[in-house]
Amino acid sequence: MRAIILGARGQLGSALAAAIPDATALSRTELDITDADAVAAFGWSGHDTILNAAAYTAVDAAETPDGRVAAWRANAVGPANLARAARDHDLRLVHVSSEYVFDGTHDGPIPETTPLSPLSTYGASKAAGDVAVALAPRHYVVRTTWVVGAGGNFVRTMSGLAGRGISPTVVADQIGRPTFATDLAAAILTLLDSDAEPGTYNLTNTGEPASWAGVARAVYEHAGRPGSDVRDTSTAEYFADKPSAAARPPNSVLDLDKAAKMGVVLPDWRRSLAEYLDTV
């Protein structure tokens with residue numbers, strides 16, 4: 001595979017770059033995917049796969065006037081530019097998406113075929129990107145959840161609080177599975193190696209789903225602190241003093257059967273969490 005990784009400095013992008021050391025790994029300053037002229041003029045020859053991990057992920061900031069523009073440019077316009085390049089140069093395009101394209105009211109794990117129904121600006125921009133990428137003949141939309149990798153993230157925050165003896169209050173009515181960037185990067189490569197048909201695939205770590213509070217308790221227990229140090233709250237209570245916050249899907253659990261039939265199965269999130277925390 002002669003790959004180009006976009007968004008190479010983010011949590012997933014850096015994991016992909018580590019997994020494919022001979023790939024061309026580009027940050028936004030090296031290729032701004034929202035610039036149609038820059039994408040069209042880029043030297044795509046010599047490559048066969050685009051791995052797009054670039055995204056605007058500030059969910060609440062996306063509800064502001066400036067953030068709304070930035071989210072749509074990065075999450076919708078950028079992928080559309082890449083889809084055009086993939087079509088024109090006969091490239092595979094792997095685009096990473098989110099469960100925020102759904103409203104989270106589905107009963108049970110959410111399959112890939114569920115109609116798009118985003119609740120927020122961020123979710124709508126990601127849904128628009130999914131639709132645009134599907135116009136590339138050789139596209140793979142990878143939907144994932146609660147990514148944990150290098151840099152700042154929820155798990156690192158909880159680990160720091162546990163180390164300082166702080167008892168946090170964490171949302172307990174949003175359910176999902178953490179997905180570790182190194183596991184996701186490996187799964188994407190396995191999916192491509194499997195000669196899977198183009199389309200949309202859910203890829204997250206496996207294991208029993210948990211709330212954000214449940215994940216926090218697992219972090220605390222790994223640190224030798226009692227899980228009871230983490231107090232539950234509801235989404236409504238947590239955001240009561242944040243009226244401009246984006247709406248969150250209560251159910252973030254994705255159905256993983258389609259990828260599993262292709263032999264793509266990520267580890268249980270609790271095992272990966274322990275391994276991750278041992279390196280923090």
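Predicted model: local features only at pLDDT ≥ 70, side-chain atom pairs only at ≥ 80, totals over all residues.
Contact, in what follows, means heavy atoms within 4.5 Å.

I start with helix 5, residues 154-163. Which residues of helix 5 are buried? They are Val-155, Met-158, Leu-161 and Ala-162. Around the axis they take up an arc of only 125 degrees, and therefore they sit on the same side of helix 5. The cover over these buried residues includes strand 6, at 147-148, and strand 7, at 169-171. It also includes two helices, helix 7, at 212-222, and helix 10.

The crossing of helix 5 over helix 10 is right-handed. On the helix 5 side, the residues that meet helix 10 are Val-155, Arg-156 and Ser-159. Their partners in helix 10 are Leu-273, Tyr-276 and Leu-277. By class, the residues of this contact are four nonpolar, one polar and one charged. Val-155 turns up in both lists, as a buried residue of helix 5 and as a residue that meets helix 10.

Now the other pair. Helix 7 and helix 10 have axes that come within 11 Å and cross at roughly 45 degrees. That angle makes helix 7 oblique to helix 10. Helix 7 passes helix 10 in a right-handed crossing. From helix 7, the contact takes in Val-215, Ala-218, Val-219 and His-222. From helix 10, it takes in Trp-269, Arg-270, Leu-273, Ala-274 and Leu-277. Sorted by class, there are seven nonpolar residues, one polar and one charged in the contact of helix 7 with helix 10. Leu-273 and Leu-277 of helix 10 meet helix 7, and these two residues also meet helix 5.

Next, helix 1, residues 11-19. Its buried residues are Leu-12, Gly-13, Ala-15 and Leu-16. Looking down the axis of helix 1, they fall within an arc of 165 degrees, so they line one face of the helix. Among the elements that cover them are strand 1, at 3-6, strand 3, at 49-52, strand 4 and helix 6.

Most residues other than glycine have a negative phi. Where does the chain depart from that? Asp-90 has a positive phi of about 55 degrees. Asp-90 is in the loop between helix 3, residues 65-89, and strand 4, residues 92-98. Asp-90 is exposed, at a relative accessible area of 53%. Asp-195 also has a positive phi, near 60 degrees. Its place is the loop between helix 6, at 181-193, and strand 10, at 199-202. Asp-195 is exposed, with a relative accessible area of 65%.

Is Asp-130 buried or exposed? With a relative accessible area of 5%, Asp-130 is buried. Apart from neighbours within four places in sequence, Asp-130 is in contact with His-95, Ser-97, Val-101, Val-141 and Arg-143. Its C-alpha is separated by 9.7 Å from that of Leu-116, 14 residues apart along the chain.

Two residues remain. Phe-42 is in the loop between helix 2, at 36-41, and strand 3, and at 22% relative accessibility it counts as partly exposed. Not counting residues up to four places away in sequence, Phe-42 touches Ile-4, Leu-26 and Leu-31. Phe-42 and Ala-85 are 43 residues apart in sequence, and their C-alpha atoms are 9.1 Å apart.

Last, Arg-231 in strand 12, residues 231-233. Arg-231 is partly exposed at 44% relative accessibility. Leaving out neighbours within four places in sequence, its contacts are Ser-167, Pro-168, Thr-169, Val-170 and Arg-217. The C-alpha atoms of Arg-231 and Ala-172 are separated by 8.8 Å, with the two residues 59 apart along the chain.

Technical notes:
Residues numbered from 1 in each chain as written. Heavy atoms only, no water. Axes fitted to C-alpha atoms, helices over the stretch in contact; angles between N-to-C directions. Helix = DSSP H or I, 4+ residues; strand = E, 2+ residues; numbered from the N terminus. Left-handed = near helix turned anticlockwise from the far one by under 90°. Nonpolar A, V, L, I, M, F, W, Y, C, P; charged D, E, K, R; others polar. Buried < 20%, exposed > 50% of the residue type's maximum accessible area, 1.4 Å probe, protein only. Arc of directions from axis to C-beta. Parallel < 35°, antiparallel > 145°, perpendicular 65-115°, else oblique.
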